[in-house]
Amino acid sequence: MTKVIHPAALFPPAGGIPAALRQQYASAGHEQLDAQGLGFPGDLQLPGLSSLIQESWRRSAELQANPDNPEAPLAMDREELEEYRRQHPLAAIMPVIHKLLVLPSHDSGMLVAVGDEVGRLLWVEGDAAMQRRAERMMFVPGADWSEATVGTSAPGTALALGRGIQISGAEHYKRSVHPWSCTAVPFHDPDSGALLGVVDITGTESAVAPHTLSLVEATVAAAQAHLRVERLQLAAERQSSPARRRGPGFAAAGRDGAGAAGSLYRNSLQLLGRDQALLSIDGRTVPLSARHSEILALLSTHPEGLNAEELCALLYPGNASTMTLRAEMVRLRKVLQQLNPDAVPESRPYRLPLDLVPDSGQVLNCLQRGAHRIALEIYRGAVLPRSEAPGIAELRNRVSSLLREAVLTDGSAESLLRYAELPEAKDDVEVRIAALKLLPPRSPKRAAIVADLERLEAELSA
């Protein structure tokens, strides 16, 4: 009797090695890890397994993800999940995801999952029979599928790497996931570029077919366009309807998410690695002057408001008159009035009438949750690096020091090397020594680090 070979076994999604052989290599890799006991020695090499998977397994071991735990942990109960989903910006894209991915999945035996920026699943929809099977490993809404928790998986690893990824069968770190394959793509805010979450397709080997990654990438692009158009339409409606301006409903939507879906990150402020911030409100983005960047950065990190004296102390290095501040606020109000009248700051105290999410705040939020790799993905440099405002200097030092501490404490060699590329880490000896300790002895990356350390030593001795 002739054995029928599935086409996917001959033409793997990543190319190069046939899918069946990839599974043999992955299974052998798990046997080698079992022989090692706990951990993933730095010099351990797993033949045939891609460097991407090996590095993800190493990170998973360092983060103490348990490959033998059959289920992912539940991070949110039903009530908390419903409230969180209602507020989350990705709620606005679900109609697009449903039309392009969920509806076709009912006929193809697939599941479609959408998760937040730290890997918690918010929606899992698709084939009913597959959903029942997936429940056994807790691939359900509210579960934590970050790489730190379950190890290598498409949603968690896509977030960790910041790009689309396909994980097939035994390439998963957790053994209960070996019967599954998945493709996932991160979702970024179309205006600010902030990481909002991840879109995933999970199923059998067809979930990592060559076209699947392109399908998910195209869906994410369509959803980003949909989100941007929705914001522009909302902004146009507000401008054309004076009765809706500064109404209590808008304040509530900005503060607690009670308005249109997606309000949480609709208004954002990009501060990282910039001397002048980029402000995004309802789909419109404008560059700000250095001083206005500082003022909005301070007000966004003090949502309860600041009186004139408090804001002066945080804004000006020396003694400055509140009259100087008031003149600057008049100019800022004119800028915001043209952008959106609802964004004009209140006075006594100075306070933003809507939530403005700075990218520095996203980094701090990720660090607080232990998601340092996602924080590193968002981090694009120091907060307003040339600013001398005392409040900005304090924020800059806090974000930078907490990120460095997290990477040194829990980071993989990959994270340490990525951090070392930042301008603020160009002379950081400790980070480079830590990376050397984690890299395998034969890693080609060691030579560049050693050269860096020799350069730094020569500069210090000179």
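Let's start with helix H11, residues 290-300. Nine of its eleven residues are buried, so the helix is largely enclosed by the rest of the structure. Keep in mind that we're looking at a predicted model. Which residues of H11 are buried? They're His-292, Ser-293, Glu-294, Ile-295, Leu-296, Ala-297, Leu-298, Leu-299 and Ser-300. And what covers them? The cover includes three strands, E6 (268-270), E7 (278-281) and E9 (357-358). It also includes helices H12 (308-315), H13 (322-339) and H16.

Okay, H16 takes us to the next stop. This helix, residues 390-410, packs against H14, residues 359-368. When two helices pack, we describe them by the angle between their axes and the distance between the axes. Here the angle is about 35°, and the axes are 10 Å apart. The crossing of H14 past H16 is left-handed.

So who's touching whom? From H14 you get Ser-360, Val-363, Leu-364 and Leu-367. Now look at the spacing of those numbers with this in mind: an α-helix has 3.6 residues a turn, so residues three or four places apart point the same way. On the H16 side, the partners are Leu-395, Arg-398, Val-399, Leu-402, Leu-403 and Ala-406. Sort the residues of this contact by type and you get eight nonpolar, one polar and one charged.

Next, a glycine. Gly-203 sits in strand E5, residues 195-203. Is Gly-203 buried or exposed? Its relative accessibility is 0%, so Gly-203 counts as buried. Now find Met-110: in sequence, Met-110 and Gly-203 are 93 residues apart, yet C-alpha to C-alpha the gap is 4.8 Å. Leaving out residues up to four places away in sequence, Gly-203 touches Gly-109, Met-110, Met-130, Pro-179, Trp-180 and Ser-181.

Arg-133 lies over the face of Trp-180, 4.7 Å from the ring centre. There's another arginine over a ring, too: Arg-120 lies over the face of Tyr-84, at 5.0 Å from the ring centre.

Last topic, rings with rings. How many aromatic pairs does the structure hold? Two. One of them is Phe-139 with Trp-145. For a pair like this, we give the distance of the centres and the angle of the planes. Phe-139 and Trp-145 are 5.1 Å apart centre to centre, with 75° between the planes, and that pair is edge-to-face. Both Phe-139 and Trp-145 are buried.

That's my tour, thanks!

Conventions: Residues are numbered from 1 along each chain as its sequence is written. This is a predicted model: local features need pLDDT of at least 70, side-chain atom pairs count only at pLDDT 80 or more; totals for chains, interfaces and linings use all residues. Side-chain values use heavy atoms; hydrogens and water are left out. Axes are lines fitted to C-alpha atoms, for helices over the stretch in contact, and angles run from 0 to 180 degrees between N-to-C directions. Helices (H or I, at least four residues) and strands (E, at least two) are DSSP runs, numbered from the N terminus. A crossing is left-handed if the near helix is turned anticlockwise from the far one by less than a right angle, and right-handed if clockwise. Contact means heavy atoms within 4.5 Å. Ala, Val, Leu, Ile, Met, Phe, Trp, Tyr, Cys and Pro count as nonpolar, Asp, Glu, Lys and Arg as charged, and the others, Gly among them, as polar. Buried means under 20% relative accessible area, exposed over 50%, partly exposed in between (1.4 Å probe, protein chains only). Rings of Phe, Tyr and Trp (its six-membered ring) pair if their centres lie within 6.5 Å; planes under 30 degrees apart count as stacked, over 60 as edge-to-face and the rest as tilted. A charge sits over a ring if NZ of Lys or CZ of Arg is within 6 Å of the ring centre and within 35 degrees of the ring normal.
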